[in-house]
Structures are given as C-alpha cells and as structure tokens.
Amino acid sequence: MLFPFSAVVGHDDLRMALLLNAVHPGIGGVLVRGEKGTAKSTIVRALAALLPAVNVVPGCRFACDPANPDPNCPDAPHTGTGTRPARLVELPVGATEDRLVGSLDLEKALTEGVRAYQPGLLAAAHRGVLYVDEVNLLHDHLVDLLLDAAAMGRAHVEREGVSVSHAASFLLVGTMNPEEGELRPQLLDRFGLTVHVLSSRDVAVRTEVIRRRLAFEADPAGFASAWAAKDAELAEQIVAARAQLPKVSLPDSEVRRIAAVCAAFEVDGMRADLVVARTAVAHAAWRGADTVEEADVEVAVRLALPHRRRRDPFDEPGIDEQQLQDAMRDAAEQADEPEPDPDPDGPDDGGGQLPEGTSPPSSSGNGGGEQPPVPPSPAFRARLLQVPGIGEGAPGRRSRATARNGYTVRASTVDGNGLHLVGTMSAAAPYQAARGREGAGLLLKAGDLRLAVREGKESNLVLFCVDASGSMAARKRMSAVTGAVLSLLRDAYQRRDKVGVVTFRGTAAEVTLPPTSSVDAAAARLKRLRTGGRTPLADGLLRVRRVLAAERLRDPRRRPLLVLLTDGRATQTAGGRDPFEDAMRAAGLLAADGIATIVVDCEQGPVRLGLAPRLAEAIGGTSIRLAELSADQVTGVVRAARAA
C-alpha cells in the first residue's frame with residue numbers, strides 16, 4: 001500500500017514539478033535533491049497512482065498505444081486493445097546496461113538458435129514513470145543512456161548482433177542526497193526541473209508529519225481511503241490539463257520574457273529556455289488557462305533554472321530571490337517592447353567575450369608566523385592521475401578496474417561476470433556433430449560455458465597532503481598551490497572520487513577534512529586554509545598513514561591515491577634528529593604499505609635542493625612539477641616535442 005500523494009505534508013515545489021511533468025512529459029523529468037528522511041521516495045512512488053490508465057495492445061512488451069502504434073515496434077503487427085494502470089518502474093543503483101536497455105534473449109539463442117531481443121527497463125517504463133533512487137550513484141554511462149532515451153523518446157539498442165529501436169517515452173524522476181556526491185553539470189542540465197527538498201524546522205509541520213505517518217502505519221488501507229477523494233481530484237486535474245495542453249498559446253511577449261530571464265541568469269545553451277517555455281505552458285494548462293502569463297513563467301523559472309546556474313562544480317545550486325525578482329522586472333520591460341528586426345550580418349555586442357580576469361594579489365610573506373588564507377590562483381584542467389594496476393572499487397572515472405557493467409575485454413573459464421555468449425557458442429560449436437545435434441538449438445556442456453571479463457573505471461580515495469608551513473607561505477606560491485588543489489578537486493568531483501585533506505604546519509599535522517564524497521566541503525575547507533610556521537613533514541606523512549589505515553578497514557576495495565604537495569623541506573622534529581631523514585623514514589612506511597603516491601614539487605627559485613623528488617623515490621611514487629598538473633601544459637609540451 002502506497003502513501004497517498006495528497007497526504008504528503010509540505011514540499012509544494014516538488015509536488016508541482018511532478019504534476020507538471022505528468023501533464024507534459026516533454027519537460028524532461030524532475031531531479032529531487034535533498035537530505036535523507038525528507039520523503040523524496042515516498043512522494044515519487046505515490047505519483048504513479050495519480051496517472052491515468054493507458055490503452056495498450058495485448059501482448060505487446062513495449063506498451064504500444066492501439067490508437068497510434070509504433071510502426072517500428074519489435075512486436076508488430078498489433079491487434080486488439082487493452083487497458084492497464086500506468087507503471088512505476090524503478091532502476092536500482094546496481095543495474096547493468098543490459099537490464100536498462102535490454103539484451104539478447106539468451107534462452108532463445110541457446111535453445112532455438114535464433115536472435116531475439118529481451119526488453120529492458122526502458123521498455124517497461126514506456127508511458128509510465130521511471131524512478132531512479134540515488135541517481136548520483138548510478139554509473140555515468142548508464143545516466144547518459146537514460147537521459148538520451150528520455151530526451152528522444154526512443155531507445156536504440158545495437159549490441160550482440162541485435163539492432164532494435166523502440167518507443168521509450170516516460171516521466172523520469174531521479175532522487176539524490178548531495179552529501180553522497182554530486183552529478184556532473186552536463187548530466188544535471190539534462191534533467192528538466194530540479195527541486196531541493198529540506199526538512200521543515202516548523203514544529204507544527206513536523207508534528208503533522210508524525211501524526212500522518214503513524215496513522216498510515218497503523219491502518220494503511222483506512223488512511224489511503226481517507227485521502228482517496230483528494231487524490232482522485234488531482235488525477236482528474238491531470239487528465240483535464242493534458243487535454244488543455246494543445247490549446248494553450250505562448251504569446252511572443254512571454255517568449256521574450258523567458259529569453260530575457262534565461263539571459264539574465266547566464267545559463268549555458270538553449271535547453272533552459274525551451275524547458276522554461278514547456279513548463280510555463282504546462283502550468284497554464286494546469287490552471288485551465290488558454291494563454292501563458294507572467295505568473296506561469298515565474299513558476300517555470302523557479303523549477304527549471306536553479307541547477308543550471310552552476311558555473312563551477314563548487315557553486316551552490318539555487319536561485320537568489322532578489323536576483324529572480326530583478327530579472328523578472330527587467331524581463332517585463334523587454335516583454336512589452338516590440339521585437340527588433342534581426343541583423344544576422346551585423347556585429348555582435350561583445351556578449352561572447354569573456355570578462356577580463358584579475359590576478360590574485362602577490363606580496364612577500366613572513367614564513368615565521370601564521371598568515372591569513374590566500375586567494376587561489378585560477379583553476380585549470382587537471383591531468384589524469386591514476387592508481388597503477390587493476391582494482392575492484394566502486395564505479396568511477398579514474399583508474400582501471402574490473403567492473404560488472406564495463407566493456408568486455410575477454411572470455412574466461414575461471415573468473416568473470418555474466419555469460420560470454422560468443423565465447424560459449426564458439427567453445428561448443430566444434431562438438432555439435434559429435435554430440436548428435438539435430439535442429440536449431442545448441443547442445444551445451446558445463447565445460448563450454450565462458451564468463452565475460454569486463455573492465456571499466458573505478459573511483460578512488462584521493463587524499464591530499466598539503467604543506468602549509470612557512471616555507472610555502474609566500475603568497476604567490478601558496479596561491480598557486482591552492483589553485484592547483486582546487487583544480488584537482490574539480491577533477492575528483494568529475495571522476496566521482498572520495499577526497500580527504502591533511503595539512504601540516506607549525507608543530508603538527510591535522511586532518512583538515514576526513515575522507516568524504518562531498519568535494520564541495522573539501523573546497524570550502526581549503527579556501528579557509530591558513531599558512532605559516534615550521535614544517536613537520538614527517539608528522540604529515542605519518543598522519544596520512546593513519547588516515548589511510550582507517551579507510552582501508554572501512555572500505556577495503558577503494559584504492560587510495562596520495563597527492564603530496566610540498567617543497568620537501570622539513571624543520572620540525574623531536575630529539576634533535578635530522579628532520580628530512582625522519583620524513584624519509586615515514587616515506588618508507590608508506591612505500592611498505594603500497595600507497596600510490598604523486599609528489600608535487602612546489603619548490604621555486606633559481607636555487608633548488610631537489611628534496612621532493614628524493615621523497616617521491618623513497619615512497620615509491622612519481623614526482624612532478626607543480627606546472628605539470630595542468631593537462632593543457634602537458635599537451636603543449638608533447639606537441640612541441642613532436643614538432644621538433
């Protein structure tokens with residue numbers, strides 16, 4: 001028994017976003033962001049009960065509409081008419097590509113010797129709701145397939161000798177907890193609307209939530225019956241709005257208003273403008289109106305633009321209320337103006353030029369005392385840093401790993417994941433005559449079976465160990481180091497890594513940020529980093545070792561990558577020992593643990609001691625210069641070498 005949609009307390013924006021997508025699936029779905037325990041899944045699952053029943057062709061696995069069947073449907077030709085409720089299909093985080101888009105029907109291939117297509121979840125969700133819980137944890141290439149199908153309304157399958165195209169029009173809803181990691185901006189943009197859900201701090205609201213939930217748990221059927229009338233009203237309004245949708249007109253003045261607001265918020269591309277227009281039309285239909293008005297556009301902007309304003313992965317999503325009101329007021333003036341004649345041959349207004357950048361302030365710092373945080377230098381595209389070998393960690397985009405849903409590299413009789421069909425059939429084929437095969441099916445034995453060995457990419461734990469001591473405290477140098485780490489954090493965000501930050505300065509090292517999936521938190525801590533004091537390098541390396549040991553117990557399959565940023569100088573030690581020798585001994589302990597390490601040599605100036613490369617050699621890692629972290633600079637060096 002599902003919790004009634006109308007009984008959910010609050011979440012007005014989420015309710016409206018879901019209902020507008022139910023009216024107009026072309027909006028592109030809803031992404032629901034929010035902390036745990038905010039009824040995200042409850043309200044999404046309740047939506048399916050409001051959707052009208054669909055007419056289908058009996059026996060069609062793709063839910064074709066009898067009035068307008070898909071001419072390319074694999075189950076064609078169609079006869080007959082039936083009715084069934086709209087489906088809510090859930091895509092689990094651990095789903096494979098085969099489960100999502102479909103695959104070769106192995107049973108028919110092995111028993112009848114024919115190629116047949118087994119539909120996936122995209123086919124099951126056609127004309128219904130496809131719900132992806134924890135969409136931010138889904139493998140990136142599955143999210144790409146999912147959003148492509150949602151945008152085109154069709155799924156295309158080209159694999160294992162099967163070529164199929166079928167209709168896949170559905171209401172896409174994804175939920176996620178930002179604390180567990182973000183979606184890449186490219187994927188965020190593909191969702192039509194987004195809503196950020198927060199738990200209420202109002203005591204009266206929280207009290208009502210408790211009452212309704214306990215009442216539902218005590219008597220689910222009775223509670224649902226009490227709210228059935230309100231749910232039925234919403235269901236009728238959805239049907240009426242769908243019928244009204246083709247009749248709604250979008251005046252030119254409102255089109256200009258939409259374009260002006262999107263331009264004011266500096267969103268990339270034109271998808272935002274189109275989504276706002278479709279949402280405004282759907283909202284007008286929901287009101288039963290014939291024409292889109294300013295209020296419809298404002299509702300659409302609130303739902304369609306928050307996630308598209310993120311210019312950087314570390315930007316906070318959302319819309320500032322004052323900025324929205326200013327944009328709507330300015331857009332109102334443009335909406336009332338006559339549309340100017342386009343001048344395609346005339347010069348532009350310079351809007352495509354990037355604003356002139358400013359360089360961070362530079363001054364000489366005193367390495368002896370504490371210095372305030374230094375503004376980071378501009379970020380850059382970081383080069384790919386990988387852990388050597390092949391791991392078995394969580395799906396990501398950094399290092400090589402065996403994977404359930406990666407690409408198949410070979411067949412094996414010993415290890416693998418799933419059946420390697422071609423390998424199995426090839427192993428069995430030479431023995432068919434000897435086994436007395438008659439007919440189309442293959443005769444198989446246990447020894448014929450081959451497993452598919454798949455390889456993909458994994459995410460890693462990228463632990464930054466940053467020298468924040470006085471030897472690094474010159475503002476220009478620390479600005480460059482901070483900018484480099486922020487660039488690496490952005491790269492870690494895109495590759496879905498966990499990150500942690502250890503810093504050392506003064507008399508000891510500290511864990512500035514314990515390992516987390518929230519790269520935003522790491523960036524915020526780094527921007528507040530203070531510098532100065534002595535250089536306890538050995539203590540920093542020993543603290544890193546303790547952090548990694550704890551993480552190894554917590555998540556043994558996630559391989560770590562240590563990124564140490566230092567000039568190699570050490571000044572803080574106990575007992576009068578050589579501080580650099582202490583650091584070398586600590587480096588040897590990390591080498592014994594087999595920690596993959598990149599030492600970023602931050603030493604500058606005409607006289608260089610070369611201590612960081614010696615440290616990298618003791619750890620068994622790789623030493624690179626600070627400038628070599630930039631992928632663009634490395635590419636330029638390679639091109640120059642080739643040209644020479």
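Is R625 buried, partly exposed or exposed? R625 is partly exposed, because its relative accessible area is 25%; buried means under 20% relative accessible area, exposed over 50%, and partly exposed in between, with a 1.4 Å probe and protein chains only. The structure is a predicted model, in which local features need pLDDT of at least 70 and side-chain atom pairs count only at pLDDT 80 or more, while totals for chains, interfaces and linings use all residues. Residues are numbered from 1 along each chain as its sequence is written, and side-chain values use heavy atoms, with hydrogens and water left out.

R625 also has a charged partner. The side chains of D601 and R625 form a salt bridge, 2.8 Å from N to O; a salt bridge is a side-chain nitrogen of Lys or Arg within 4 Å of a carboxyl oxygen of Asp or Glu. D601 belongs to strand β18 (residues 596-601) and R625 to strand β19 (residues 622-625), so the pair ties together parts that are 24 residues apart in sequence. Helices (H or I, at least four residues) and strands (E, at least two) are DSSP runs, numbered from the N terminus. D601 is buried, because its relative accessible area is 5%.

Strands β18 and β19 are part of an open sheet of six strands, in the order β16-β15-β14-β17-β18-β19, with mixed pairing. The edges are β16 (508-516) and β19, each with a single partner strand, so one side of each is left without a neighbour in the sheet. From one strand to the next, the twist averages 20°. Two strands pair if DSSP finds at least two bridges between them. Strand β14 (residues 461-467) and strand β17 (residues 560-566) pair in the parallel sense over six bridges, and F464 stands opposite V563 in β17.

Helices lie across this sheet. Helix α20 (residues 611-619) lies across β17, β18 and β19 and runs at about 175° to β18. Helix α18 lies across β14, β15, β16 and β17, at about 30° to β16. Contact here means heavy atoms within 4.5 Å; axes are lines fitted to C-alpha atoms, for helices over the stretch in contact, and angles run from 0 to 180 degrees between N-to-C directions.

Further salt bridges can be followed from here. The side chains of K498 and E551 meet in one, at 3.4 Å from N to O. K498 lies in strand β15 (residues 498-505) and E551 in helix α18 (residues 537-554), so this pair ties together parts that are 53 residues apart in sequence. Both K498 and E551 are buried. R398, D491, R495 and D497 are linked in a network of salt bridges. The count comes to 25 salt bridges.

Another part of the chain holds an open sheet of five strands, in the order β4-β7-β10-β1-β11, with parallel pairing. Here β4 (88-90) and β11 (193-197) stand at the edges, each with a single partner strand, so one side of each has no neighbour in the sheet. β4 and strand β7 (residues 129-132) pair over three bridges, and the bridge partner of V89 in β7 is L130. Helix α1 (residues 12-23) lies across β1 (30-34), β10 (171-176) and β11, running at about 155° to β11.
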